[in-house]
Amino acid sequence: MTLTRWICVLLVVAAAPLVRAKEAAQTAASPVVAIVVHPSNPVENLTFSELRRIFMLDTQTWPHGRKITVVLREKGQPERADAIRLICGLSEADYDKHILFRTFQGSVNIGPRSIQSAAAMLRFVYSAPGAIGYVAADQVDATVKTLRIDGALPGDAGYPLRRVSRGGDDFQ
């Protein structure tokens, strides 16, 4: 083997651990989805099942009587598809079919609101006391309240809403 080939082989072998380390770092830094509501909402904790029923529009009022407004990112955005998959266990297309069916049944008057960005999501939830939405946990600010899901906050062990990273696109 020539010296050039040996150098190429050594570079490939040496680079392999770096590639694995980068993939591991991306997985470790996977964004966590925080469920947010208006600060005046008295609800502090939802079970995962309750959260799913809210996003599926099966539950349409808060325990204190206020109407729930579900807020999602706009159709076609990866954040929307990921949140629907995490919370509802459905693809975006299947979720849209479910909402259409519920509307056709007459059990839902208005479907979820669509919001363009995480900043707009926070503004909307702040301005609508019955709203419930989601953002990456590191995007939560003081204008909204983060709900516990099954007793856990986004940074806690066992928190159920962890998004699998796809190499840089997160909830923005």
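Which residues does Ile-35 touch, not counting residues up to four places away in sequence?

Reply: Leaving aside residues up to four places away in sequence, Ile-35 touches Leu-51, Ile-87, Ile-132, Gly-133, Tyr-134, Lys-145, Thr-146, Leu-147, Ile-149, Tyr-159 and Leu-161, where a contact means heavy atoms within 4.5 Å. This is a predicted model, in which local features need pLDDT of at least 70 and side-chain atom pairs count only at pLDDT 80 or more, while totals for chains, interfaces and linings use all residues. Residues are numbered from 1 along each chain as its sequence is written, and side-chain values use heavy atoms, with hydrogens and water left out.

Ile-35 also belongs to the largest nonpolar core, a set of 43 residues in which Ile-35, Phe-55 and Ile-132 touch the most other members. Such a core is made of buried Ala, Val, Leu, Ile, Met, Phe, Trp, Tyr and Cys residues joined through side-chain atoms within 4.5 Å, and buried means under 20% relative accessible area, with exposed over 50% and partly exposed in between (1.4 Å probe, protein chains only). At least two residues each come from strand S1 (33-37), H2, S3, H3, helix H4 (92-105), helix H5 (118-127) and strand S5 (131-136), and H5 gives the most, with 6 residues. Helices (H or I, at least four residues) and strands (E, at least two) are DSSP runs, numbered from the N terminus.

Two of these elements also pack against one another: helix H2 (residues 48-55) and helix H3 (residues 78-88) meet at an angle of about 130°, with their axes 9 Å apart. That angle makes H2 oblique to H3, since angles under 35 degrees count as roughly parallel, over 145 as roughly antiparallel, 65 to 115 as roughly perpendicular and the rest as oblique. On the H2 side the contact is made by Phe-48, Leu-51, Arg-52 and Phe-55, and on the H3 side by Leu-86, Ile-87 and Cys-88.

Leu-57 counts as buried because its relative accessibility is 6%.

As for confidence, the chain averages a pLDDT of 83, with 77% of the residues scoring at least 70; pLDDT is the predictor's confidence in each residue, from 0 to 100. Over residues 15-30 the pLDDT is below 50, and this stretch has 5 contacts in the model beyond near neighbours in sequence. Where pLDDT is low, the predicted coordinates should not be read in detail.

Key
Axes are lines fitted to C-alpha atoms, for helices over the stretch in contact, and angles run from 0 to 180 degrees between N-to-C directions.
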